[in-house]
Amino acid sequence: MKSRPRVICVNESFANENVSDAQLAIEGYEMIARRDGTDTVGGRCRGLVIYAEEGLGAIRSKHDCEEDVVEAASVEVSWGGGRKLTICDIYRKQNDVVNTIKLLKYLAGLPDQSVTVGDYNFPTISWEEGRGGSEEERRFLQLLEERGWEQRVRGVTRPLGGNTLDLAT
């Protein structure tokens with residue numbers, strides 16, 4: 001039997017008001033969250049979608065400041081003994097200080113049992129050394145440390161620039 005993911009998080013879906021849910025459907029999965037790109041022409045390079053395996057019981061969850069962040073969405077999955085896991089998908093525009101401040105506030109308010117995935121666009125963070133080149137990157141790394149989160153992606157995700165832009169905590 002092949003293993004398949006129970007939850008799928010998609011960044012840069014290019015979804016906008018002209019793209020129907022049916023066009024984004026994946027067989028065997030329910031679309032739990034969708035946030036279309038609104039800050040670019042036609043949603044280009046934007047949009048988040050979170051799918052959960054049918055029958056998993058995942059629900060859309062919204063947390064403080066989510067609507068303020070350009071792109072963030074989260075779902076909640078129950079698992080044994082009444083425990084809940086929040087899975088959050090993020091896209092952060094590079095060089096957007098105001099949105100970064102909002103994103104940090106949003107991330108700080110997530111429940112303890114949370115996993116975040118996405119494209120954070122912090123290209124000068126050195127994950128091996130735990131250093132950021134910009135003030136925003138240093139504040140982000142400080143938040144990760146405070147939350148007890150760590151980078152789970154190993155290796156370059158953007159070969160042209162040699163950067164690890166994607167993050168899973």
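Three strands, β1, β3 and β2, form an open sheet in the order β1-β3-β2, with antiparallel pairing; strands are DSSP runs of E of at least two residues, helices are runs of H or I of at least four, and both are numbered from the N terminus. Two strands count as paired if DSSP finds at least two bridges between them. Because β1 (7-11) and β2 (29-35) each have a single partner strand, they stand at the edges, and one side of each lacks a neighbour in the sheet. Neighbouring strands here are turned by 15° against each other on average, direction ignored, the axes being lines fitted to C-alpha atoms.

This is a predicted model, in which local features need pLDDT of at least 70 and side-chain atom pairs count only at pLDDT 80 or more, while totals for chains, interfaces and linings use all residues. Residues are numbered from 1 along each chain as its sequence is written, and side-chain values use heavy atoms, with hydrogens and water left out.

Within the sheet, β1 and β3 (residues 48-53) run antiparallel and are joined by five bridges. V10 has V49 of β3 as its bridge partner.

A parallel pairing links β6 (residues 84-91) with β7 (residues 114-119) over six bridges. I87 is bridged to V115 in β7. Between β6 and β7 the chain passes through helix α2 (residues 97-108), and this β-α-β crossover is right-handed: with the strands pointing away from the viewer, the path from the first strand over the helix to the second runs clockwise.

Overall, the chain has three helices and eight strands, in the sequence pattern β-α-β-β-β-β-β-α-β-α-β. Of its 169 residues, 43% are buried (under 20% relative accessible area, 1.4 Å probe, protein chains only).

Terms used: Buried means under 20% relative accessible area, exposed over 50%, partly exposed in between (1.4 Å probe, protein chains only). Axes are lines fitted to C-alpha atoms, for helices over the stretch in contact, and angles run from 0 to 180 degrees between N-to-C directions.
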